[in-house]
Structures are given as C-alpha cells and as structure tokens.
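This report describes selected local features of one protein model. The structure is shown first, and the text follows it.

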Amino acid sequence: MNQPLTVLKPKDFASDQDVRWCPGCGDYAILNQVKRVLAKIQAKKENTVFVAGIGCSSRFPYYMGTYGIHSIHGRAPAIATGVKITNPELDVWVVTGDGDALSIGGNHLMHVLRRNVNLKILLFNNRIYGLTKGQYSPTSEIGKRSPSSPMGSIDPPLTPISIALAAEASFVARAIDVDKSLSEVLERAAKHEGSAFVEIYQDCNVFNHGAYSYATDKQTKEDSVIRLTHGEPILFGKERDKGIMFTDAKPEVVTIGKGGITLSDIAVHDETDASLAYALGRFKQPDFPEPVGIFRSVEGNHYEDLLAKQITDAQDHRGIGTLDDLFNTGDTYEITEIDSKHHLHD
C-alpha cells in the first residue's frame with residue numbers, strides 16, 4: 001500500500017541554525033514569506049538550492065532547510081548559473097543585496113538576466129551597506145550621509161527595476177518586506193520559467209531605518225504605492241480614486257471625477273508591455289507613487305536549454321571528444337626556451 005505523500009509546512013523549510021540578523025530587520029519577514037511560498041507550491045527540499053553572495057541578506061542559505069551556497073561577493077548569479085546548467089532539475093534561487101548585486105556584482109546580474117537562466121533572483125534593497133556598518137550603497141539617495149559619505153553622497157542612485165528591464169529580463173517585479181505584495185510576487189516568481197528578478201524594499205532598522213516608511217506607514221502607503229495587476233487600471237489611493245494617465249507617453253497622476261477624468265482615461269497595466277514597465281519603473285516618491293507587483297512577465301528561451309541543445313548537436317555532429325583532443329586542437333605552441341628575462345619563445 002502506498003504511503004500518502006508528506007505535505008510540507010513552512011517550518012519544514014527552516015534549518016536548525018539560529019537566525020542572526022538584527023532584531024527588527026526586514027530580512028525576517030522575507031525569510032518567513034519565502035518559507036510560506038515554498039510550502040504553498042509544495043517545493044521539494046531536495047530539489048531546492050539557495051545561492052547567496054556577501055552581505056546581511058546573503059546569510060539566507062544558512063536559515064533554509066534546503067541546499068545552499070554562501071558564495072563570494074557579487075558572484076552568486078555566476079555560481080547559480082553553473083548549478084542550474086549542470087542540474088537543470090533543481091529550483092535555484094539567488095539571494096543578494098543592493099551592494100552585492102549592483103556594485104561588485106552588477107556585471108554578473110546584468111548578464112544572467114539577459115541570458116534568461118531559469119533562476120529566481122531576490123534583491124534585498126535597503127539602500128545601505130548594513131553588514132559593514134552603514135556605508136552608502138548604489139541605491140542610496142543623493143545626499144546620503146554615512147561613514148563613507150560624511151558630507152553626503154553625490155552619486156545618483158541606481159534603479160534596480162530599470163537595470164533588469166534594460167537587460168531584457170523576462171520577469172521583473174517589486175515587493176515590500178512587510179507588505180502583502182511579497183507573497184504574491186514570490187509565488188509568481190517561483191512559477192516563472194526563466195530569470196525572475198524581484199526587488200524587495202527591505203528595512204535596515206539599524207543603519208537606514210525608515211527608508212521606505214512612506215510605503216509601509218498605514219497613514220501614507222495607500223497614497224504612495226501602486227499595486228500592479230495585469231489587465232486592470234493603474235489605480236491607487238485609499239478610495240482607489242487616483243490613477244495614472246499617459247498623454248503623449250508622459251505619465252500624470254490624475255483623480256477620477258476631477259477635470260472630466262473618468263476610469264476610461266486611466267492606463268491599463270500590461271505585463272507584456274516593456275515600454276510601460278520601464279515608465280512605471282521610473283516612478284519615484286514624492287512625484288509619483290511607486291509600483292509594487294509584476295512590472296513585466298514574458299516567455300522566452302532559457303539559456304540552460306539552448307546550451308544543452310548546442311552540446312547535443314555538437315556531439316551528434318563531431319562525436320564525444322576528450323580533454324586531450326580539445327587541448328591539442330587548432331594552433332598550439334611549444335615552449336623551447338625561457339631566457340633570463342622570462343621571455344617566451346614559440
């Protein structure tokens with residue numbers, strides 16, 4: 001008689017390690033939501049891998065009862081790509097921070113997204129380097145005072161959503177650590193076939209507390225955040241009476257019922273429209289409410305599938321080779337002499 005399958009619960013995805021983030025850190029909320037989503041979709045622990053870089057967020061793999069790699073600074077996308085290519089049956093997640101992903105790891109992030117490797121990439125954005133005691137990061141605002149910018153940062157901040165869209169990422173989303181949008185976005189990301197990029201606004205209550213208070217405070221969040229839903233008007237506000245209207249491709253905040261504005265004037269969100277996604281990604285407080293949810297979701301070829309086919313085609317055409325054959329193919333050089341100045345002669 002077959003035994004019934006075990007239904008995993010969120011706690012089943014926890015490791016036996018003590019969680020050592022600062023009390024009140026937004027990372028706790030993200031960790032809990034990830035475990036809930038994995039339980040909801042009944043992910044297999046033995047098929048799940050978390051790969052992290054360096055930073056507070058990158059302690060994440062220690063706290064998951066799955067496979068995990070705490071790798072090197074900024075290189076998590078490259079290592080995760082290798083894991084996925086050689087083990088395509090695995091569900092591979094990348095956890096990174098704004099400093100890890102957008103400074104030293106900016107190059108790796110851009111290329112993993114354009115290749116559309118089937119990874120789930122979670123970028124915790126607290127606009128600060130928390131692990132190294134509060135230096136300004138690539139997403140810190142101009143004028144940010146920190147140990148590394150005592151007179152205020154003069155660097156214009158990067159916009160992670162814009163970078164992901166420019167890299168042609170097939171899934172781009174944003175959520176907030178303590179908001180209901182997070183679980184919805186994580187579930188969609190988990191089910192997406194291809195690179196899923198999720199920026200998560202995360203509070204660092206020690207070095208940058210309140211960076212997103214406008215989006216989390218009960219008194220202001222409904223007027224400060226747009227919740228994107230595919231196929232629905234882009235509305236916001238406590239009364240859902242404010243919206244976004246585009247005139248000659250320029251966005252404008254309008255109020256339904258004022259100046260002859262009706263619901264039909266409000267733009268409708270389309271997850272397949274890259275231009276709309278880019279425009280929404282540029283929305284910044286205080287001029288515009290900031291969107292959360294899915295900016296873009298489209299289908300495309302996966303890097304690991306294309307690579308596997310290319311290898312199979314090559315083996316069918318040329319046969320399975322050896323490393324010795326490879327090393328001795330094409331132009332080769334024989335070192336016959338090394339002079340006193342270490343010059344090589346072929």
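Which residue stands opposite Phe 246 in S10? Phe 246 faces Pro 251 there. The model is a predicted one, in which local features need pLDDT of at least 70 and side-chain atom pairs count only at pLDDT 80 or more, while totals for chains, interfaces and linings use all residues. Residues are numbered from 1 along each chain as its sequence is written, and side-chain values use heavy atoms, with hydrogens and water left out.

**Sheet.** Strands S8, S9 and S10 form, in that order, an open sheet with antiparallel pairing. Strand S8 (235-236) and strand S10 (250-255) each have a single partner strand, so one side of each has no neighbour in the sheet. Strand S9 (residues 242-247) is joined to S10 by 6 bridges. Strands (E, at least two residues) and helices (H or I, at least four) are DSSP runs numbered from the N terminus; two strands pair if DSSP finds at least two bridges between them.

The largest pocket has a volume of about 440 Å³. A pocket is an open set of points on a 1 Å grid over the protein atoms alone, where a 1.4 Å probe fits, with protein on both sides within 12 Å along at least five of seven lines; lining residues have an atom within 4 Å of a point. The volume is the space filled by probe spheres set on the points, which are joined across faces, edges and corners. Its lining has 28 residues, with Gly 55, Cys 56, Tyr 129, Gly 130 and Leu 131 nearest the centre. Helix H3 (residues 98-104) gives the most to this lining, with 3 residues.

**Cysteines.** The count of disulfides, pairs of cysteine sulfur atoms within 2.5 Å, is 0. For Cys 22, the nearest cysteine sulfur is that of Cys 25, 6.4 Å away. Cys 22 is partly exposed, whereas Cys 25 is buried. Buried means under 20% relative accessible area, exposed over 50%, and partly exposed in between (1.4 Å probe, protein chains only).

**Backbone.** Most residues other than glycine have a negative phi, and most peptide bonds are trans.

| Residue | Phi | Relative accessible area |
|---|---|---|
| Asn 116 | about 60° | 6%, buried |
| Lys 133 | about 75° | 54%, exposed |

Asn 116 lies in the loop between helix H4 (106-115) and strand S4 (119-125), and Lys 133 in the loop between S4 and helix H5 (160-166). A cis peptide bond, with omega about 5°, joins Gln 285 and Pro 286.
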